[in-house]
Amino acid sequence: MIECEKNSESLQLSTVQSFDEKFMARALELAHQASAINEVPVGAVLVKENQIIGEGFNQSITLLDPTAHAEIVALRSAAKAIGNYRLVNTTLYVTLEPCAMCLSAMVHARIQRLVFAATDPKTGAVCSAIHLLDEPFFNHKIQWSQGPYVVESARLLRAFFQERR
């Protein structure tokens, strides 16, 4: 398991950390829901002003939609809830480091902050396979950190894939 170095813009306040634990715990619950329907166990929660405005879990198989990753489902849910595709001043909590598709959608939605648990050495686009947020071509910067429940999220993913081998 890779542990990403927190970027220089990471927030370290204890209040922020307690919110991070609370919302990542909800994302982990959603990941378990994905696992229960034989989807890759990833959950995501989008928060604005300490309130959940969108959430989702992987549903690509169920919905026959290759874009139905947890992050995309959460972004769609939030955009519909607030009536705007721009999701400014929000934090996305996700149990697995986002892929390039999801990270690009977050940039276009203007997510302010990303907190993820487990890293993804094969397709992680934040700090594992590639460092997409470090690229200069994006017109929006996202603060990010690896947050709580790293071990639990990684364990859930490992168990899911071991069961299928």
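Let us begin with a term: a charge sits over a ring if NZ of Lys or CZ of Arg is within 6 Å of the ring centre and within 35 degrees of the ring normal. The model on your screen is predicted, so local features need pLDDT of at least 70 and side-chain atom pairs count only at pLDDT 80 or more, while totals for chains, interfaces and linings use all residues. Residues are numbered from 1 along each chain as its sequence is written, and side-chain values use heavy atoms, leaving out hydrogens and water.

**Stop 1: a charge and two rings**

Select R164 and F160. R164 lies over the face of F160, at 3.5 Å from the ring centre.

Rings of Phe, Tyr and Trp (its six-membered ring) pair if their centres lie within 6.5 Å; planes under 30 degrees apart are stacked, over 60 edge-to-face, and the rest tilted. A search of the whole structure finds 5 such aromatic pairs. F160 and F161 make an edge-to-face pair, with 5.1 Å centre to centre and 85 degrees between the planes. Buried residues have under 20% relative accessible area, exposed ones over 50%, and partly exposed ones fall in between (1.4 Å probe, protein chains only). F160 is buried at 5%, whereas F161 is partly exposed at 34%.

**Stop 2: along helix α1**

Helices (H or I, at least four residues) and strands (E, at least two) are DSSP runs, numbered from the N terminus. Select F19 and F23, which form a stacked pair at 6.2 Å centre to centre, with 10 degrees between the planes. Why are they about one helical turn apart? Because F19 and F23 are 4 residues apart in helix α1 (residues 14-36). An α-helix has 3.6 residues a turn, so residues three or four places apart point the same way. F19 is partly exposed at 25% relative accessibility, while F23 is buried at 3%.

The side chains of D20 and Y93 make one, at 2.8 Å.

**Stop 3: the largest core**

A nonpolar core is a set of buried Ala, Val, Leu, Ile, Met, Phe, Trp, Tyr and Cys residues joined through side-chain atoms within 4.5 Å. Select M106, I111 and L114: among the 35 residues of the largest core, these touch the most other members. Which helix gives the largest share of this core? That is α3, with 6 residues.

Keep M106 in view. Leaving aside residues up to four places away in sequence, M106 is in contact (heavy atoms within 4.5 Å) with E71, L75, L92, P98, I111, L114 and I142.

**Stop 4: one face of α4**

Finally, select C102, L103, M106, V107 and A109, which are buried in α4. Seen down the helix axis, the buried residues of α4 fall within an arc of 165 degrees, so they line one face; the arc is that of the directions from the axis to the C-beta atoms. What covers them includes α3, β3 and β4. Just after α4, look for R110, which takes a positive phi of about 70 degrees.

Conventions: Polar contact = N/O pair within 3.5 Å; in protein donor to acceptor, adjacent residues only side chain to side chain.
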